[in-house]
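Please read the numbered points with the sequence and the coordinates at hand.

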Amino acid sequence: MAFICPHCNCVAYTRTSRYLSPLTQEEYLQCTNIVCGHNFTLFRTVRETLSPPALPKAGIHIPMATKQRLIEMQLEIRRQKADTENQLELPGLTA
Ligand SMILES: [Zn+2]
């Protein structure tokens, strides 16, 4: 897993990780910028369910995303896709 170093904005990669619970993982990352050298930890947590599992496990309770949240996510994905497509256009080559 990669993450942006909060100090130098270079890519930092996970060196190792461990599960703290079925829903939370702790990762140890190292910045790839040798001048920066930042080592840090982060948590990854399951936040919400977008579509219910076919094989739900007893004892695992993950809140369902609201319909409003799903609509917002869909709009954000469309915005990001449009931004990416706009960035690919070369200046002076559009009609
Ligand atoms: Zn860094």
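The points below take up the strands, the turn, the metal site and a surface patch.

1. The structure is a predicted model, and the remarks below should be read accordingly.

2. Strands 1 and 2. Strand 1 covers residues 2-4 and runs antiparallel to strand 2, to which three bridges join it. Strand 2 comprises residues 11-21. Within this pairing, Phe3 has Ala12 of strand 2 as its bridge partner. The two strands form a hairpin, with six residues between them.

3. The residue Asn9. The loop between strand 1 and strand 2 contains Asn9. Its phi is positive, near 65°, in a residue other than glycine. Is Asn9 buried or exposed? Asn9 has a relative accessibility of 57%, and therefore counts as exposed, since the cut-off for that class is over 50%.

4. Strands 2 and 3. Strand 2 also pairs with strand 3, residues 24-31, in an antiparallel manner and through eight bridges. Here the hairpin has two residues between its strands. Ser21 stands opposite Thr24 of strand 3.

5. The zinc ion: donors. Which residues coordinate the zinc ion? The SG atoms of Cys5, Cys8, Cys31 and Cys36 do so, at 2.3 to 2.4 Å. Along the chain, these donors follow the spacing C-x2-C-x22-C-x4-C.

6. The zinc ion: geometry. The angles subtended by the four donor atoms are 94 to 117°, and the arrangement is therefore tetrahedral. The criterion applied is that all angles lie between 85 and 135 degrees. For reference, the ideal angle for four tetrahedral donors is 109.5 degrees.

7. Cys36, at 30% relative accessibility, counts as partly exposed. Both residues are among the donors of the zinc ion.

8. The nonpolar patch. Ile4, Val11 and Tyr13 make a nonpolar surface patch of about 260 Å². Val11 belongs to strand 2.

Note on methods. Residues numbered from 1 in each chain as written. Predicted model: local features only at pLDDT ≥ 70, side-chain atom pairs only at ≥ 80, totals over all residues. Heavy atoms only, no water. Patch = residues over 30% accessible without salt bridge, like charges linked within 9 Å, V, L, I, M, F, W, Y side chains within 5 Å. Areas by Shrake-Rupley, 256 points an atom, 1.4 Å probe, with all protein chains shown as cover. Salt bridge = Lys/Arg side-chain N within 4 Å of Asp/Glu carboxyl O. Helix = DSSP H or I, 4+ residues; strand = E, 2+ residues; numbered from the N terminus. Pairing = 2+ DSSP bridges. Donors = N, O, S within 2.8 Å, 3.2 Å for Na, K, Ca; no water. Tetrahedral: all angles 85-135°; square planar, octahedral: opposite > 155°, others 65-115°. Buried < 20%, exposed > 50% of the residue type's maximum accessible area, 1.4 Å probe, protein only.
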